[in-house]
Amino acid sequence: MIKKTLLALAALLALAASGFAGFVFLARPLSRPPQQVSAVATPERLARGEYLAHTSGCVDCHSERDFNRYSGPPKAPFGANGSCFDKGVGVPGVVCAPNLTSDKETGIGAWTDGEILRAMREGVSRDGRPLFPLMPYGDLKHLSDEDALAIVAYLRTLPPVNYKAPAPKLDFPLPVVIRFIPKPLDGPVEAPAKTDTEAYGRYLTNTMGCVFCHTTADPQMQPIPGREWAGDNEFRGPWGAVRSANLSPHETGLGDRTKENFIGLFRAFGNVEGELPKGSQNSVMPWAEYNKLTDEDLGIVYDYLKMQKPIAHTVDKFPKTPRG
């Protein structure tokens, strides 16, 4: 009797274990149905969408970048032939930016506006697949409903390009882990008033990807508490090896740099013309795209950064010897 009981218990445990394993490996990310919305293309919305798509990383990541020129400005056709990211930038595997053009076979031409919004802000693809969080939906969830619709309206104007990005290849257990990362929005999102410098500065630096690159991260690409804006994340690729700058107000970061000087950096580095000499050190920082930001928005970013906790940390931005 005892033997039969133990065998039955073992069978139940095995069944439970297999059921749990099945749940983990087959689980779909938390999501809600795509919104039934329409990104009506008014002139104002298209202008706003173009501005945001170029300054929030959409065009930069999802287009081929010309690293023969300073800071690798994106090349036409925008939205296709995007970057692939691997261990050089901290990705445990290889993830390539998909086609954002209006091509119906390989791009987003057959997607609804709600499906695009869900992927962009909630990390769930059209087919219910979770997106790897290098697609910064954790930051883009802060985009207001109107700004998100403006980006969708602009993406609809990108001419169709037949380009299918390679499927992601992630090291185990990431294919399982990412199923539990996306979280649906729980209600409408509004942008803060520009007159609220702290709130709007936070809005800009989240949705433009500044926080992602300039907050020190651990090997799993998770931000380290207390290291906000200290930088020192290393990125390796066609540009060489570079590390993100300390943007905290400490003297090893922004220090006594003035607002005019801060804005001037974007104007100077964003307007470098011509090709670089072969073998030259380059920058992954998309200066040419961020140069499209208005003086007003750059000024708000500066004011917001000056409000942050100073962190003493000198960064060797162009190391001769990469880490690892």
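These legends accompany several views of a predicted model of one protein chain.

**Figure 1. The whole chain, from end to end.** Let's start with the overall build: the chain has 12 helices and five strands. With 324 residues, a compact globule would have a radius of gyration near 20 Å, and the 22 Å of this chain agrees with that. Along the principal axes, the C-alpha atoms fill a box of roughly 85 × 45 × 45 Å. Contacts also tell us about the fold: among those between residues at least 6 apart in sequence, 68% join residues at least 24 apart.

Figure 2. How much of the chain counts as buried? The share is 45% of the 324 residues. The accessible surface comes to about 17000 Å², and 61% of this area belongs to carbon and sulfur atoms.

Figure 3. Among the buried residues of α8 are Ala-199, Tyr-200, Gly-201 and Tyr-203. After α8 comes Gly-209, whose phi is positive, near 85°.

Figure 4. Thr-207 lies in helix α8, which spans residues 197-207. Is Thr-207 buried or exposed? Its relative accessible area is 4%, and buried means under 20%, so Thr-207 is buried. Setting aside neighbours within four places in sequence, Thr-207 is in contact with Ser-56, Asp-139, Leu-140, His-142 and Leu-143.

Figure 5. A pair of aromatic rings is described by the distance of the centres and the angle of the planes. The count for this model comes to eight aromatic pairs. One of them is formed by Phe-262 and Tyr-302, a tilted pair with 5.5 Å from centre to centre and 50° between the planes. This pair links distant parts of the chain: Phe-262 sits in helix α10 (residues 259-269) and Tyr-302 in helix α12 (residues 295-306), 40 residues apart. Both Phe-262 and Tyr-302 are buried. Ring pairs also link these two residues with Tyr-70, Phe-266, Phe-269 and Trp-287 into a cluster.

Technical notes. Residues numbered from 1 in each chain as written. Predicted model: local features only at pLDDT ≥ 70, side-chain atom pairs only at ≥ 80, totals over all residues. Heavy atoms only, no water. Helix = DSSP H or I, 4+ residues; strand = E, 2+ residues; numbered from the N terminus. Rg over C-alpha atoms; globule rule 2.2 N^0.38 Å. Buried < 20%, exposed > 50% of the residue type's maximum accessible area, 1.4 Å probe, protein only. Contact = heavy atoms within 4.5 Å. Areas by Shrake-Rupley, 256 points an atom, 1.4 Å probe, with all protein chains shown as cover. Phe/Tyr/Trp six-rings, centres within 6.5 Å; stacked < 30°, edge-to-face > 60°.
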